Every structure is written in C-alpha cells, then in structure tokens.
Amino acid sequence: DLSFEDDPFNTPGGRIAAFFFPIQRRYQKLLDDSVPFKKGRWILTASLFISYCLRVWLLNGWYIVSYALGIYILNHLISFLSPLVDPDVEGGVLPTKADDDYKPFIRKLPEFKFWKSVTRACLLAFLCTFFSVFNIPAYWPILFVYFVALFFVTMKRQIAHMIRYKYVPFSFGKPRYLSPDKK
C-alpha cells in the first residue's frame with residue numbers, strides 16, 4: 001500500500017513526467033501506426049525538407065544549419081547503407097559464393113530509425129530558421145563545395161565496400177517464381 005509520500009509522481013520531476021507521459025504515449029502510438037506506411041512517411045519527410053530548403057532560399061541565410069543538416073543526413077545514410085556486421089572487422093561474414101547459405105542483409109540503421117532521425121533533423125533545422133541566433137554568417141559556396149566533396153568521397157568508399165564484399169543494401173521484394181505450367 002503506497003502512501004501519498006511514496007508516490008513517484010509526487011516529486012517535482014515526477015509531476016513533469018506525469019504531465020509528459022500521456023503525450024509521449026500518444027507520440028509513440030502515432031509512430032507505431034505509421035510503420036506500414038513507408039511511402040507516406042517519406043513523402044512527409046521530403047515535403048518537410050523541401051519546405052526547409054525553400055525557407056532557407058527565401059530568407060537567404062542559415063547556411064551553417066543547412067550544412068549541419070546535410071552532414072547529419074549523410075552520416076545516417078552511410079549507416080543505413082552499411083551492414084550490421086562489418087566484414088572488415090568480423091572477417092568476411094557476408095556470403096561470397098552462390099552455394100553459401102543465404103544471409104539476409106541486416107542494416108546497421110533500420111529504415112524506420114533512419115526515417116525518424118532524418119525527419120527529426122529536418123524539423124529541428126526548420127525550427128532553427130525562426131531564430132536569428134542560428135543565422136551565423138558564412139560563405140555558402142565553400143560549404144556547398146565541401147559538402148559535395150565529402151559526399152562523393154564517402155559514397156565512393158561505401159560503394160567500394162559494397163563491391164568488395166558483394167552486397168546490395170536494397171531488396172526489391174520477395175522473389176516470385178513462375179509455376180511449371182506457365183513457363
């Protein structure tokens with residue numbers, strides 16, 4: 001039997017937690033319900049990203065925030081394209097011959113977590129454009145050229161890794177086989 005003094009929500013931090021608990025539960029329910037709607041989730045994220053880009057272009061500022069957003073998304077993209085178990089470290093665990101056992105490609109960063117991270121980052125960057133403290137003056141062409149160079153170097157290394165260990169980080173659905181009478 002708990003008394004009023006033993007109630008964990010009776011502390012100042014507990015009252016705040018009690019206030020945010022139903023909000024957090026609704027947010028988690030919304031995320032859980034959105035899992036099957038991959039195309040809709042990515043359309044939402046793309047529209048948020050396009051809105052952010054339009055806002056930055058129209059306001060002519062927030063280039064450091066844009067650069068940070070680009071680096072963050074690039075970092076998560078590399079994790080999304082990488083296998084969970086790195087063959088460089090674990091020693092060739094990916095199948096290399098046709099007679100090897102089938103091992104599905106397991107990502108270091110699953111698609112849903114990738115989407116969630118990118119969406120949060122775009123939303124945060126969009127919110128930063130409403131505060132002038134984040135509008136740090138910078139010569140944007142240098143940032144852009146540096147980001148493009150970083151993107152190509154990083155993707156070249158990732159593609160070389162894919163070729164070296166013969167894996168493709170995408171699947172195009174379950175294979176469908178024709179019945180013998182339709183061949």
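Trp42 is found in helix H2, residues 38-59, where helices (H or I, at least four residues) and strands (E, at least two) are DSSP runs numbered from the N terminus. The model is predicted, so local features need pLDDT of at least 70 and side-chain atom pairs count only at pLDDT 80 or more, while totals for chains, interfaces and linings use all residues. Residues are numbered from 1 along each chain as its sequence is written, and side-chain values use heavy atoms, with hydrogens and water left out.

With a relative accessible area of 28%, Trp42 is partly exposed. Buried means under 20% relative accessible area, exposed means over 50%, and partly exposed lies in between (1.4 Å probe, protein chains only). Leaving aside neighbours within four places in sequence, Trp42 is in contact with Glu111, Phe114 and Trp115; contact means heavy atoms within 4.5 Å.

A salt bridge is a side-chain nitrogen of Lys or Arg within 4 Å of a carboxyl oxygen of Asp or Glu. Both partners are buried: Glu111 has a relative accessible area of 16%, and Arg41 has 4% relative accessibility.

The structure holds two salt bridges. Asp33 and Lys29 both lie in helix H1, four residues apart, which is about one turn of the helix. Asp33 is partly exposed, at 39% relative accessible area.

Ser34 belongs to helix H1 too, which covers residues 12-34. Ser34 counts as buried because its relative accessibility is 15%. A polar atom of the Ser34 side chain lies 2.8 Å from the backbone oxygen of Leu31. Such a polar contact is a pair of N or O atoms within 3.5 Å; within protein, one must be able to donate a hydrogen and the other to accept it, and residues adjacent in sequence count only if both atoms are side-chain atoms. Not counting residues up to four places away in sequence, Ser34 touches Arg41, Phe112 and Trp115.

Helix H5 comes next. Its 18 residues should span 26 Å at 1.5 Å a residue, and its end C-alpha atoms are 26 Å apart, which agrees; the expected span is 1.5 Å times one less than the number of residues. Buried residues of H5 include Phe114, Trp115, Val118 and Cys122. Thr119, in helix H5, is buried as well, at 14% relative accessible area. The Thr119 side chain reaches the backbone oxygen of Trp115 at 2.8 Å. Leaving aside neighbours within four places in sequence, Thr119 is in contact with Thr45 and Leu48.

Phe130 lies in the loop between helix H5 (111-128) and helix H6 (140-165), and counts as partly exposed at 47% relative accessibility.

For the chain overall, the secondary structure comes to six helices and zero strands. Buried residues make up 26% of the 183 residues. Of the contacts with a separation of 6 or more, 79% are between residues 24 or more positions apart.
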